[in-house]
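Colleague: I would like to learn how to read the features of a model such as this one, step by step. Could we look at the structure together and begin with the strands?

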Amino acid sequence: MLKCSLTKIKLIVEITHKCPKENLSTKKKNGDHLVVQGLAYAANLPTLGLSSLHCLAASALETYSLQPSKTLLVMLDARMNEVYWAQYRVEQGRPNLVGQESVGKPEHIIIDGDIGLVGLGSGWN
């Protein structure tokens, strides 16, 4: 007999790539978010959706002590020659999203200013 206990779990955090509505097939194929939601539901616990792009930007701020004037361009590989990407401006020690998180071909990315640009993530390969 297999017995499972979820009583020690305090909070389950779900990290996902936010995709534009036209590209939701990426999230539908990956059932990880359903597993997280199912475990949380069974334990009567909330989930908190976090953007992996935002988490990467926040981590870089802590790790590298970036200056407030820096602009972060975070890109993660989305396969099929596309990237998930977002631009953040460092303000008051936190990454603030400029525009919206997107997915597309790297050559179609338009950057809002490039002074002090810092590139982050696996999408730069």
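Colleague: In which sense do β3 and β4 pair, and over how many bridges?

Modeller: Strands of a sheet pair through backbone hydrogen bonds, either parallel or antiparallel. Two strands are taken to pair if DSSP finds at least two bridges between them, and strands (E, at least two residues) and helices (H or I, at least four) are DSSP runs numbered from the N terminus. Here β3 and β4 pair in the antiparallel sense over eight bridges, and within that pairing D77 stands opposite V83 in β4. This is a predicted model, in which local features need pLDDT of at least 70 and side-chain atom pairs count only at pLDDT 80 or more, while totals for chains, interfaces and linings use all residues. Residues are numbered from 1 along each chain as its sequence is written, and side-chain values use heavy atoms, with hydrogens and water left out.

Colleague: What is the strand order of the open sheet, and which strands are its edges?

Modeller: The order is β5-β4-β3-β6, with mixed pairing, and the edge strands are β5 (94-104) and β6, each of which pairs on one side only. Neighbouring strands are turned by 20° against each other on average, direction ignored, where axes are lines fitted to C-alpha atoms, for helices over the stretch in contact, and angles run from 0 to 180 degrees between N-to-C directions. Helix α3 lies across β3, β4, β5 and β6 and runs at about 135° to β3.

Colleague: Which residues of the largest nonpolar core touch the most other members?

Modeller: A nonpolar core is a set of buried Ala, Val, Leu, Ile, Met, Phe, Trp, Tyr and Cys residues joined through side-chain atoms within 4.5 Å; buried means under 20% relative accessible area, exposed over 50%, and partly exposed in between, with a 1.4 Å probe and protein chains only. The largest core has 16 residues, of which L53, L72, V74, Y88 and L120 touch the most other members. Two or more residues come from each of α3 (52-64), β3 (71-79), β4 (82-91) and β6 (117-120). Another core, of five residues, lies apart from it and includes L73, M75, V83 and W85.

Colleague: What does the side chain of E101 contact?

Modeller: A polar contact is a pair of N or O atoms within 3.5 Å; within protein, one must be able to donate a hydrogen and the other to accept it, and residues adjacent in sequence count only if both atoms are side-chain atoms. E101 is in strand β5 and counts as buried because its relative accessible area is 12%. Its side chain makes polar contacts with the side chains of S51 (2.5 Å) and Y88 (2.8 Å).

Colleague: Why does N44 count as exposed, and what is its phi?

Modeller: Most residues other than glycine have a negative phi, and most peptide bonds are trans. N44, in the loop between α2 (32-42) and β2 (47-51), has a positive phi of about 55° although it is not a glycine, and it counts as exposed because its relative accessibility is 71%. Q92, in the loop between β4 and β5, also has a positive phi of about 55°.

Colleague: Where in the chain is confidence lowest, and where highest?

Modeller: pLDDT is the predictor's confidence in each residue, from 0 to 100. Confidence is lowest in helix α1 (residues 25-29), at a mean of 41, and highest in β4, at 92. The chain has a mean pLDDT of 75, and 71% of its residues reach 70 or more.

Notes:
Contact means heavy atoms within 4.5 Å.
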